[in-house]
Amino acid sequence: MTTILEKTAGLVAFVRTVDAGSFQAASRLIGSSPSAVSKSVAKLERRLGVKLIQRSTRRLGLTSEGIAYYERVAPLLRALDDAQDIVQSTGTARGLLRVTAPVELGRGLIASWAQPFLAEQPEVKLELSVTDRHADLIRENYDVAVRMGPLTDAGLTARRIASLPIVLVAAPAYLQRRGFPVSIADLRRHDFIRYVSAGRPQPITFADGTEIVPDGRFDTDDGGAIRNAALAGVGIAHLMQVAVQDDLDTGRLVHVLADVPMPTMPVHIVHAFGRQLPVRARLFVEFLARQMGRLGR
């Protein structure tokens, strides 16, 4: 009769290799040698009777069987890591931390904060997915997600960490070509770079409750693309100030209707752990809250 230890032999080596991207990197996580990790994975493949990893001199790739197997066993292994984290009385964090964040925050801010966080937590490996798509935390196996705007993730635990200013901006070349708007009404004759969600352009709301649906000929669901299009003079953009502060400081972009108040953008961190947040995730949430708190209230 096959024991549970025999059935699970090689699982750690396989999952860590996929997470780390190589046998060498996995060996550092496990505390073994690359050859030992490779042999352990090979033994697992022989027991299963399938090829899980395609090996080449330059890279490793998962077979279709490897993808299916990883998707089933990786959450189980990470659940064991989480169980250990939860009962730890110390503040030590370790293991892989998977985070998803929108482009405006992930690319411009969170990526730049990776170094100080990793310096504080030397046993943590950080994986950051930068996308404006709302990932399914449970199905896609993310620890935490950063969300901007109203929350739509039912059943997830959320913590508000900041309220960031929103601005309207445009390139000097665009404003010279189309004129400077002096009122909200003037905006209706301007081209906007519109953020679309579910096929619809998102309205722009001002602090007094006035709302307009912007007109424009360029739509996108990517905050980075909106900024780049604004820099290229395509139209007026509606973005978080922190995402374009350097552009405003250097004059690449101009603040449009700077004297008209706009509401702030709430920023939350959400997760599916409830009250049992693993140490690595809890420390990251606290770190991010401190960093975000310096940007706005």
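Q: Which residue takes a positive phi just after α9?
A: Glycine 233 does, with a phi of about 85°. Helices here are DSSP runs (H or I, at least four residues), as strands are (E, at least two), numbered from the N terminus. This is a predicted model, in which local features need pLDDT of at least 70, side-chain atom pairs count only at pLDDT 80 or more, and totals for chains, interfaces and linings use all residues. Residues are numbered from 1 along each chain as its sequence is written, and side-chain values use heavy atoms, with hydrogens and water left out.

Q: Which residues of helix α9 are buried?
A: An α-helix has 3.6 residues a turn, so residues three or four places apart point the same way. Buried means under 20% relative accessible area, exposed over 50%, and partly exposed in between (1.4 Å probe, protein chains only). In α9 (residues 223–231), Gly223, Gly224, Ile226, Ala229 and Ala230 are buried.

Q: Where does arginine 227 form a salt bridge?
A: A salt bridge is a side-chain nitrogen of Lys or Arg within 4 Å of a carboxyl oxygen of Asp or Glu. Arginine 227 meets aspartate 247 at 2.8 Å, N to O. Arginine 227 lies in α9 and aspartate 247 in α10 (residues 241–250), so the pair ties together parts 20 residues apart in sequence. Salt bridges that share partners join Arg227, Asp247 and Arg252 into one network.

Q: Is aspartate 247 buried or exposed?
A: Aspartate 247 counts as buried, at 1% relative accessibility, whereas arginine 227 is partly exposed at 26%.
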